[in-house]
Amino acid sequence: MMPLPLLGIPDGFDTPEHLRFVETYLRAMESGIFMPRWAAADNYGFGSVGIRFYPPLAHYLMSAVQEFTRDSYDTIIITSFFWMSVGAIGIFLWAREFLSGARSAIVSLLFATLPYHLMQLYVYMLLAEFAAIALLPYCFLFATRIIRRGRSQDVLLFAVLYSAFILTHLPSIIIGTMVLGIYCLFLLEFKDFRRVAVSFAVAFALSLSATAFYLVRLVNELAWVKHNDQQFFANSIYDYRQYLFPMVLNPEKPFWKKMVFLVDIPIFLTFLFLLPPVLCLLLRSVRSKFDTGQAKLFGALTAAGLFLIFILSYPSVFVWDALPLLQKVQFPFRFLSAATIIASLATVISLSAILKAYRRRTKLIGYLVFGVLFATSLFSLTQIIIPSEADQRVKFDEKMAAAHELASCRCWWPIWADSRAFNDRTQAAADGRTVTIQEWNDESRTFIVDPGSPGNLRVATFWYPYWRASINGNEAASGPDVYGAALIPIPAERSKVHLEFREPFFVQGARYFSLLAWAVILVGLIARKAIKRRPQIRSGSSHKYDPQDV
């Protein structure tokens, strides 16, 4: 991570959009609103709906940091260090379920330095995805504990971490859940199926309840945002087919060769780290030393690794074609985030088994491992970090200031919105009638329209079904004009028009439902902690504790 403050912040396409989200949260919190419903300042005041669909956790953290730093440059550096640290600790704890502390530290080191993890930061600046990969190891950790021992504490902690994961990055939810499901399925002992199934059912129910405030909004309104249109996940640069490995052999690729080079090689290098558990299962001399638990673990890592190799490669194109939800990942190489996690543990735990079985060939194995690690590190340094096109503070601030003067990404506009709406930025106009603006707040606007011919009041705000209009105190119809701006039919007499952003009752109710779910989880954890600490007093004996708890 040290090159980040030394070289500067890499030039990322999504960086301005992330900072727009942060500004929206800060603006709302300054007005006493913890959860903003409309990004009023975006698109020259026409607004956008990205905050209704983009998971909020990473941006809430950035907002909290920026409240203290008052500087976007420092905020990105601090939060990037934070998420790298969180992820490294998480995968260390997961590895400790199977390995010694020293070997778990090697797993953590691999996780931090594998190519795609660094590419997320130094090439693409995928800030939310970088946060998601930090939380996913905790989901694997507590899923493993649920399967191996099934305590209520593990169920509750899995619910907490999986909820946080859901609230971080949308494509990662699809990726992480698929890989986590395969891992758990192969790690599970059949005799424990009922117990584990009930535990996961409770955990997922709590997670969905805790994130209902976001998921209800997402599911109900997805058809209203441009990002749900195929142009943003199955066409042009978002066509998933052209990003399947090996990209260099794709005859239809419309992108530059450097892109192929930068993505194909990290995929290939990650494949090398996914293959060791497969090798362990194929080698009889290694496999014969497994007990039942070890065989299950290697089976789970092998299944997850083979799935990742398959889904990243061109032979899986028929799966991508058949599953529209999978296509919304946009770029198949995003599966490298889960592959980085699986590969880090799989490599170290497999080498431990191989070295134990082939003690006389330690030196040869060491040379092979060193060669792969050297090649991976050299590629990361020379092709990812050094040429990252980083900007120092002054240049970064200039770029972000210039970007904020432009419209936001069209993918976060309502589906009926069109950039030609910006040709007329008059806040309110009514076919030549005089309009007085009494109030213009982020989520409510009030206008006085003088008498005249019946017509329409056009407001320089992208219309959304939750913008509700009233005229002289009575509910009125509203809708989008030909370019998506809010249009309200008004009568001939003097009219007081009020436009307010009002969510339906079930969206508001989902927030209270989520609060209740978080309260249940918190009470459960406190109660479990209290029971764990309370000694079992028995007649004629000293205090005794559950050895596993100790």
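Predicted model: local features only at pLDDT ≥ 70, side-chain atom pairs only at ≥ 80, totals over all residues.
Strands of a sheet pair through backbone hydrogen bonds, in either a parallel or an antiparallel manner. In the present model, an open sheet is built from five strands, whose order is β4-β5-β11-β7-β8. The pairing within this sheet is antiparallel.

Strand β7, comprising residues 467-471, is joined to β8 in the antiparallel sense through three bridges. Within this pairing, I471 has N474 of β8 as its bridge partner.

A further set of pairings involves strand β6, which covers residues 455-462. This strand is mostly covered, since seven of its eight residues are buried. Strand β3, formed by residues 428-429, pairs with β6 in the antiparallel sense over two bridges. The bridge partner of A429 in β6 is R458. Strand β6 also pairs with β10, which consists of residues 485-490; this pairing is antiparallel and extends over six bridges. Here V459 is placed opposite A486 of β10.

Attention now turns to helix packing. Two packed helices are described by the distance between their axes and by the angle that the axes make. Helix α5 (residues 72-95) and helix α8 (residues 127-148) have axes that come within 8 Å and cross at roughly 20°. Angles under 35 degrees count as roughly parallel, and α5 and α8 are therefore roughly parallel to each other. Their crossing is left-handed. On the side of α5, the contact is made by I76, S80, W83, M84, V86, G87, I89, G90, I91, L93 and W94. On the side of α8, the contributing residues are L127, F130, A131, A134, L135, P137, Y138, F140, L141 and T144. Classified by residue type, the contact of α5 with α8 contains 17 nonpolar and four polar residues, with no charged residues.

T340 lies in helix α19, which runs over residues 336-357. Apart from its neighbours within four places in sequence, T340 is in contact with F111, L114, Y116, H117 and I133.

N228, by comparison, is found in the loop between α12 (212-221) and α13 (257-274). When neighbours within four places in sequence are left aside, the contacts of N228 are L222, A223, F233 and K328. The C-alpha atoms of N228 and W412 are separated by 9.5 Å, although these residues are 184 residues apart along the chain.

L364 belongs to helix α20, which comprises residues 362-385. L364 and S337 are 27 residues apart along the chain, and their C-alpha atoms are separated by 30 Å.

Methods
Residues numbered from 1 in each chain as written. Heavy atoms only, no water. Pairing = 2+ DSSP bridges. Helix = DSSP H or I, 4+ residues; strand = E, 2+ residues; numbered from the N terminus. Axes fitted to C-alpha atoms, helices over the stretch in contact; angles between N-to-C directions. Parallel < 35°, antiparallel > 145°, perpendicular 65-115°, else oblique. Left-handed = near helix turned anticlockwise from the far one by under 90°. Contact = heavy atoms within 4.5 Å. Nonpolar A, V, L, I, M, F, W, Y, C, P; charged D, E, K, R; others polar. Buried < 20%, exposed > 50% of the residue type's maximum accessible area, 1.4 Å probe, protein only.
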